[in-house]
Amino acid sequence: MEFMGYPRPDGTAGARNYVTVIPAQQCSNELAYRIASEVGGNVLALPHTDTCGNVQPDHDAAERALVGVGCNPNVAGVVVVGVGCDGVREEQLGNGIATSRKPVEVVDLRRLGSYEKALEKGTRAARQMSVDSSRLQREPFDLSYLTFASKCTSSSPASVIACNPAVGSAADALIDMGGTFIFTETAETIGAEHLLAERGETEAVSRRILEVSTRMEDRIKATGLNIRGTQPTGGNMSGGISTIEEKSIGAIAKSGKSQIRGVLEWSERPSRKGMYFMDGSASTPQAFLGFAAAGAQVIALTFGGGGACPEFHNYTVAVGWIPVVPAIKVFSSPSDVPLMEYFDVYAGTIIEGKETPAEVGQRILEEIAAVASGKPASQETRKSDYREMLLMYTTGPLL
Amino acid sequence: MRRKGIVLDSTDNVVTALTDLSAGDTVEVEVGKELLVVTLLGPINFGHKFSLYDIEAGSRILKHGVVIGQATRNIMVGEHVHVHNIASLRARGDLEKAGVSNDLLVATPCQCSH
């Protein structure tokens with residue numbers, strides 16, 4: 001199986017061809033947005049939530065995320081904008097992204113002296129990159145060049161029967177072809193972490209899986225809260241999930257059976273191909289940002305749904321949107337078939353007894369290859385100006 | 001043909017409903033190589049669980065071969081199994097804070113409409 005991707009100077013292959021305007025600090029968000037609006041076309045601004053009140057470890061994670069997104073194969077060139085003050089340094093951000101050998105321009109408002117000069121420089125650079133990127137042509141690549149990532153939403157018992165095992169099957173197939181698969185949502189390993197640890201490629205990986213899961217559980221216990229209501233959510237419970245352990249078994253099914261090569265911190269890039277677990281929350285925008293930073297070219301968002309309580313079911317454009325990485329939506333419930341136009345793959349045939357997870361997994365892999373080659377994901381066909389900001393994962397206090 | 005319920009592992013003691021079911025429905029399920037029949041004591045919505053056997057309070061609930069919680073009350077075969085009669089054993093910050101062991105777990109009232 002192949003996909004048609006944009007060849008990048010560092011040897012990776014892009015599913016999309018964007019020029020991104022990345023603000024170093026939250027204060028530069030508006031300037032980034034202005035620059036992208038002036039040029040239009042394939043130029044996207046990436047406003048985000050890292051702010052001066054964050055502590056250094058969270059700035060470091062944010063920088064890692066922004067460098068990672070800049071280096072993502074779906075990005076042809078980057079304009080970094082900054083106001084030259086605290087938090088993530090625009091020069092450092094630019095240098096990090098420049099290791100990918102793609103065009104990078106750093107616009108430092110403080111050095112240039114005014115907003116207007118920064119706007120002018122940034123717009124000129126973005127415009128040139130946009131024109132240059134339009135000359136790039138897709139070429140064939142085998143699936144070993146693909147990094148695919150997945151998280152679930154609207155989890156219900158249908159997730160464990162349908163969408164997640166199907167994605168797990170697709171993940172295993174991709175790993176067999178030499179590709180990369182990443183999954184996350186650390187709280188949803190609680191209760192099933194021993195099953196993941198058994199799949200660690202080495203002792204060290206197995207230990208690390210348990211450490212990261214325990215770290216999250218300890219953090220939860222330190223709050224003195226019973227987290228039922230957050231994990232699982234009221235929506236999950238209406239659908240039939242009773243405990244976090246039950247949710248976790250369903251959640252990890254999306255990672256199939258392959259050996260796990262390593263554990264990544266949120267937004268960390270894997271050093272090799274293979275299957276990786278990434279530490280992080282169950283927030284869709286946050287998880288997706290982590291995936292984008294890790295180099296994922298296509299993401300799958302799986303939906304359980306079904307049942308008597310559809311109010312937890314949100315499938316619109318903004319859900320699962322991250323500017324540089326398309327997300328395909330896989331849904332599980334026969335009762336949701338009337339909503340099929342919002343999704344990309346229907347996995348409910350498993351519940352209907354018509355297909356096996358392996359058969360649906362094959363369809364998912366084919367859809368991923370098609371979307372990687374340029375086919376728009378359902379979310380990419382919807383006209384909406386709303387875009388989520390990049391939501392940074394933080395663990396420190398906000399000062 | 002659409003099955004009514006599924007048992008995911010032969011060691012499980014709960015069944016997951018694959019369609020909305022009514023009180024009095026008889027559900028045939030494959031448990032390993034055996035075929036068991038359960039009569040439902042009440043309605044069970046798609047995706048919800050019902051008990052495969054009588055379960056004593058304090059016993060572990062097994063689904064997919066994994067412990068997913070503990071019974072906080074006695075549960076009869078064919079009874080709805082959910083937040084009103086089982087509780088999680090993990091990440092219990094509330095128990096940590098109260099210095100209480102897992103054996104004194106508290107269930108919450110089921111908020112499902114049925």
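Me: Which helices of chain A each supply at least two residues of the lining of the largest cavity?

Reply: This is a predicted model, in which local features need pLDDT of at least 70, side-chain atom pairs count only at pLDDT 80 or more, and totals for chains, interfaces and linings use all residues. Residues are numbered from 1 along each chain as its sequence is written, chains are lettered from A and ligands numbered from 1 in the order written, and side-chain values use heavy atoms, without hydrogens and water. On a 1 Å grid over the protein atoms alone, a cavity is a set of points where a 1.4 Å probe fits but cannot get out, and lining residues have an atom within 4 Å of a point. Helices (H or I, at least four residues) and strands (E, at least two) are DSSP runs, numbered from the N terminus. Here the two are helix 6 (157-161) and helix 11 (244-252) of chain A. Helix 11 of chain A gives the most, with five residues.

Me: How many cavities of 30 Å³ or more are there, and how much space lies in the largest cavity?

Reply: A volume is the space filled by probe spheres set on the grid points, which are joined across faces, edges and corners. The count is six cavities of 30 Å³ or more, and the largest cavity holds about 90 Å³. Its lining has 16 residues, and the closest to its centre are Val160(A), Ile241(A), Glu246(A), Lys247(A) and Gly250(A).

Me: How is the lining of the largest cavity divided by class?

Reply: Ala, Val, Leu, Ile, Met, Phe, Trp, Tyr, Cys and Pro count as nonpolar, Asp, Glu, Lys and Arg as charged, and the others, Gly among them, as polar. The lining of the largest cavity has seven nonpolar, six polar and three charged residues.

Me: Which residues line the second largest cavity?

Reply: The second largest cavity has about 70 Å³ of space. Its lining includes Asn226(A), Arg228(A) and Thr243(A), and also Ser88(B), Arg90(B), Ala91(B) and Arg92(B). By class, four are nonpolar, five polar and three charged.

Me: What is the volume of the largest pocket?

Reply: A pocket is an open set of points with protein on both sides within 12 Å along at least five of seven lines. The largest pocket has about 770 Å³ of space. Of its 26 lining residues, the closest to its centre are Val43(A), Leu44(A), Trp321(A), Asp385(A) and Arg387(A). Helix 1 and strand 4 (43-45) of chain A give two or more residues each to this lining. The lining divides into 10 nonpolar, eight polar and eight charged residues.

Me: At what angle do helix 1 and helix 5 of chain A cross?

Reply: Two packed helices are described by the angle between their axes and the distance between the axes. Axes are lines fitted to C-alpha atoms, for helices over the stretch in contact, and angles run from 0 to 180 degrees between N-to-C directions. The axes of helix 1 (residues 29-39) and helix 5 (residues 115-133) of chain A cross at roughly 45 degrees and come within 9 Å. Therefore helix 1 of chain A is oblique to helix 5 of chain A; angles under 35 degrees count as roughly parallel, over 145 as roughly antiparallel, 65 to 115 as roughly perpendicular and the rest as oblique. Contact means heavy atoms within 4.5 Å, and among the contact residues are Leu31(A) and Ile35(A) of helix 1 and Leu119(A) and Gly122(A) of helix 5.
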